[in-house]
Amino acid sequence: MASFHTVQRETLFKNPSSTSFGVPALQKITAPHIESFNALFASKGGILQTAINDLQATYVYDNPEGTGTVIFDPEFIIQCRERLITYQGRTEVRLNWKINDETPVSETKVVGNIPIMVKSVRCNISDFYPKDLICHHEEAEEMGGYFIINGIEKIIRLLLVPRRNYVMGIVRPSFQKRGKDYTQYATSIRCARPDQTTQTVNVHYLKDGNCMFKFSWRRQEYMIPVMLILKALVDVSDKTIFDHLVQNETSNTFLTDRVELLLRSTKTRNLIDREDYLKVLGEKFRIVFNSLRSFSDAKIGDFLLDRIVLVHLKSNQEKYDLLIFIIRKLYAIVAGECSPENPDSPANQEILLSGHLYGMLIKEKLQEYLYNLRDEFSKHFRHSKKNSAMDITDPNYVTRTLNRMKHETVGQKITHFLATGNLVSISGMDLLQATGYTIVAEKLNFYRYISHFRCVHRGSFFTEMKTTTIRKLLPEAWGFICPVHTPDGAPCGLLNHLSSSCQVITSPTNTSKLSRILFTIGVLDLSHSGKLSKNQKIVHVLLDGRVVGICLPDVALSIANQLRVWKIHGNNDIPKQLEIGYVPLSNGGLFSGLYLFTSPARMMRPVKYLATGGTDLIGSFEQVYMNIACLDEDIIPGVTTHREISPTNVLSILANLTPFSDHNQSPRNMYQCQMAKQTMGTPSTALTYRTDSKLYRLQTGQTPIVRPEIHNKYGLDSFLNGTNAIVAVLSYTGYDMEDAMIINRQSHHRGFAYGLIYKSEVVNLSEKTFKFKSNITRHFFLGDDVGDEIRTILDSDGLPFIGARLTEGDPFYAFYDDTKGVTRVKKYKGPEIAYVDQVRLLGDDYGESEAQKAHIKLRIPRPSIIGDKFSSRHGQKGVLSQLWPQYDMPFTESGMQPDIIINPHAFPSRMTIGMFVESLAGKAGALHGIAQDATPFRFNEENAAMDYFGKQLLSAGYNYHGNEPMYSGITGEEFHADIYIGVVFYQRLRHMVSDKWQVRSTGPVHNLTLQPIGGRIRQGGVRFGEMERDSLLAHGMSFCLQDRLMNCSDYSQCLICQKCGSIFSPISLHHQIQNRKRTKHHVRCCLCDSSDYIVHIKIPFSFKYLATELMCMGVKMMLEAKP
Amino acid sequence: MNNINGGSFSLGLNNNFNNSDPFNGGPKPDIIIQELDSEKIKFILTNTELSVANALRRLMIAEVPTIAIDMVEIELNTSVLADEFIAHRLGLIPLDSMEAEKIKYTRECNCSQYCPNCSVELTLHAKCVQDGQSLEVCSRDLQSSDPRVSPVLKDDNDKGILIAKLRKGQELKVKCVAKKGVAKEHAKWSPCAAVAFEYDPHNRLRHTHYWIEEDEKKEWPPGPNANQEPPMTDDEPFDYNATPNKFYFTVE
């Protein structure tokens, strides 16, 4: 039962808890961000530590260097936001080095400040609860998950990337262009190292049956015959490879033929054992890897296998086994035995988490830092040949040199990444895009803010794709990605949102026990493959991309079931985050196998397991092969194993907030998701401490009477987003045509939908003087030269008084300039009346020098005016067309007059029945004083919403259908029809005429073309284009056209020579000007050398400009001028 | 007709009305007051035209002059609410307007901005000094310069309408100027909240058409004034010449 929970909210508000959050669900919204960031610093096996262990020691001739631990030490955040600086922590790196075989020496260096995610383990407020948060001027239910860069809140966007450690078959015609003999068939696997960095490798099928192994290194692509890699990995005979590939399918001639070809292909090279193969690899890649001369070819070959080939696996044997599996799958796809995967399907995708990306970036930047150190040292060595002062053996030498180098660059680069979202990387980090990684967490209203944390983007690479297949809503997305919450237009289907129940796994888990258990319940070792009877179908068992073994198909099914039961009950230490994807044998389906995943970054969601009633966390891959009922009545006995916890789980938070969305036409719900994010609402509960450049606020917000369950769950009563309005659906006065709406003027007087905007103005005195820091020459104070007039407006510090009312041209702030010895007064420029809300002086980090920055927060009142945009929660937007007087508004028999009148024509084509139901529910709720539950899918045909609320209305003495007889406010006569009137929650959207109106009579013009300039801010004009011109011509208004467009605006005069027809040849001869008289005879045509044919004409200036442009291109324009 | 609560009154609109209906020489308009208390009046107006009845309704909403705060000078405001927001709240506080007739409209007064003839000054000064508890500033705290014009309060215990809540150290000091005005100009001068107006509760005149899905009696519960007139019988003939002449008002 829905309720307003007024008392609970008040107690929470009055006594904020210091031990728990009032709204725990809010904290979960940012979990994927914070947890993944925390995983960087986990005490055991933190990603950052793993990454640093993985960093390559760099060598300068023979001087190896390595790195050690990273230590963070952050400062307090609220200051950062208010002072417009970055919330960051000092980062230290321990450098270890040794010279030849001496004992290693280490030194700690600060590599700059690295921005820290708010509420992560490294953040000061990570363990704060509402009470402490409020004390520190934070939001009471602060949920973190973002970074603060120069006072702006930035989020690293979640990205959809291919599922890690899973072999995907891909058929793409463009692969044929990769080279001779290439076909459209390939397999691809995105391998993830323990430190979450990835390396994608492909295996391509060639027309001759051979396979090529493809990888990219520093954005360059390389191909190697797959046999080279197989043989370099382990010492195997051709016979063994044949056995492994063919297994027991000896009668599959397609397969055996291909394998034979594959094996033959390397025979020409005359290589014998593993060492030979390694040498070949090393030799070819010596230059690519920029290896030292002292390294052997075999060592470089090993490096390639270690760093690039299937990096998620440790041992070469494991890599070999998987590579065999990959080739086997590739052949199966080519043969048509199985179908390729769809890379756009969420089943084959996972999420690139912000913390993981951040860790990858830090790793890369540290690696770069080491390379830079190496280069510095090698430069020294080169110079040392001339300079004998250098002595490597001197223990202080390295320290001395290190001290001279720059170390802070790492922090700067990472801050730059967060500030711009641009990824500057040598390796490309196995990602498709270079820009657009971060977004600003706008606090336009709270709804928009929370959906930033839940949004997943497909990648900016796909935004330019012409095909729309990637944008499609696939059935595999069910429950993970919201089908409703995506914008329309360019980003449609690419920018999605996680469903409300979807979680993202953030930490790895130990799988060693799991793989041992697998062998006890029927998985066979790979060596059994040859021993099985001929043509007995087998399936592979893969755990996180490692081939564990094989088993028989029916055994695989029972293993999958057994694992699921254990997982739900927590038996045998089976992790909850295990995904058990059993792909059964099929004719033409996906390549069968038992695929187990425990890795982080996967999307998972809870569903109910019917057999035991427990909750099962399922992944997007396994979901496809499961039988999950949506409702109880959908359960098919013996088939269905799971049931949705709630049918609303598939919707995102915002989509869930649309009341009775199941009654609406689907696109309307999408529009509502958009409009909820554009609403003027309550962006924050700590408004006083916010310094955002623009904040919208609704002064008179209300809690909706009709609200879905989720409204309370996320504590959205603290962030009001609209007003309950009495809405009558009728056609009245004609001012409600075409989606316009009439608002009751007296409701408006009483504060209906009154909003304001907070705007920030940053005054920076030092910026305007010099780039580099020198003496401070400007000070915040009023000098003696300022008159009393200004002193009454500005305070003696040169800043405005709090509460002062500013109109255009008023003194805004002033400062004293030492260099000229005068006080300079700056004026307020905005066209609107503003009130000074707050003034802050911003000093430097240490508070030692004089403050040079001030932040002035202005408050601009925005009462609703004609032209402002409103919408209900059903995608029904409208423009305020008239503030109609109360006494003229229609009224009911009880004297009720609507706040809003909308036109009935808004409904038939849009079919937003949900709005009607909301109106009924709102009316009944208001009459009975109850909150109405508007969760979708609660009503059905048998138990209709209309009936439920109609009965409530009847019991309150109102018409069952929500209609009431109404009277015209103008004549007092009863309307012929009774009117549908009820209570609907209305949102005021941020699009307001005050920001959009544009008007101009005369004004600035472009100085080259003399055409009016464009742009609202610059007082520009609105283009009167060809189509507008055509319509005037079509009306026969050519004189008007000439008058407006030529005589009154673009008129110009010039001289023309009638003989040669040029407007440029007449030249005024100055020396002939005598007695200050100038007749036309003093102008000569320089082509005809005569003054006789020169006449004045009037032409549009733009024509003259055209002639000039043409002349510049060598085109002569001749005009015929007749009197 | 049963007079529930008092006798009948004639409308004091003009002299003509006292004698007879000016339009058709019929009986003079009548008002029967049914209920009357400090917040609500319920009456029936008879023997007049619909236009007159509606005019009465419109006048009650929009053109009865009252007194409301019109100008606010904010001397000090350290509360969390914005100046203009407090001013708006102050404006909507109902003031006792029994003496509205004795006060001039500012536009009709000789003074330049406002003077005691056309305005009443109210002041408010509140500061929270208590620790950990917020102070509620209510309309009772408004000190009027004219005891006849002061915020409307129910009884001595009524603190009035909440204006703002102050935390320790916050202070609010304002000077308000109340003026006479009509609700046409701004809703704050409206003397009533809503005017209920009904005629012909049984739809005898067939001005309206009730929407019915199945059964009118089931879907349309009787209106508030339905018991005042005999219900329609099924065989009642339709008199298309009839005009409404009995109007049920409830004014809050």
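Predicted model: local features only at pLDDT ≥ 70, side-chain atom pairs only at ≥ 80, totals over all residues.
Q: OK. At what angle do helix 8 and helix 9 of chain A pack?
A: At about 150°, with the axes 10 Å apart. Helix 8 of chain A covers residues 238–246, and helix 9 of chain A covers residues 253–265. An angle of about 150° is over 145 degrees, so helix 8 and helix 9 of chain A are roughly antiparallel to each other.

Q: And is that crossing left-handed or right-handed?
A: The crossing of helix 8 and helix 9 of chain A is right-handed.

Q: Which residues meet there?
A: Helix 8 of chain A brings Asp238(A), Ile241(A), Phe242(A), Leu245(A) and Val246(A). Helix 9 of chain A answers with Leu255(A), Thr256(A), Val259(A) and Leu263(A). By type, the residues of this contact are seven nonpolar, one polar and one charged.

Q: Zooming out. How many helices and strands does chain A have?
A: Chain A has 31 helices and 48 strands. Its C-alpha atoms fill a box of roughly 105 × 95 × 70 Å along the principal axes.

Q: How much of chain A is buried?
A: Buried residues make up 42% of its 1123 residues. On contacts in chain A with a separation of 6 or more, 68% come from residues 24 or more positions apart.

Q: What about chain B: how many helices and strands?
A: Four helices and eleven strands. Of the 252 residues of chain B, 32% count as buried. Among contacts between residues at least 6 apart in sequence, 66% in chain B join residues at least 24 apart.

Q: Switching to records. Which residues of chain A does the UniProt domain annotation cover?
A: An unreviewed UniProt entry gives "domain: RNA polymerase Rpb2" for residues 178–351, 440–504 and 1020–1120 of chain A.

Q: What's the helix and strand content of residues 178–351?
A: Residues 178–351 of chain A are 42% helix and 21% strand. The end C-alpha atoms of that span are 29 Å apart.

Q: And 440–504?
A: Residues 440–504 of chain A are 14% helix and 14% strand, with end C-alpha atoms 22 Å apart.

Notes: Residues numbered from 1 in each chain as written. Chains lettered and ligands numbered in written order. Helix = DSSP H or I, 4+ residues; strand = E, 2+ residues; numbered from the N terminus. Buried ≥ 20, exposed ≤ 12 C-beta atoms within 10 Å, placed from the backbone. Contact = placed C-beta atoms within 7 Å. UniProt positions renumbered as here; feature names shortened; annotations may be inferred. Axes fitted to C-alpha atoms, helices over the stretch in contact; angles between N-to-C directions. Parallel < 35°, antiparallel > 145°, perpendicular 65-115°, else oblique. Left-handed = near helix turned anticlockwise from the far one by under 90°. Nonpolar A, V, L, I, M, F, W, Y, C, P; charged D, E, K, R; others polar.
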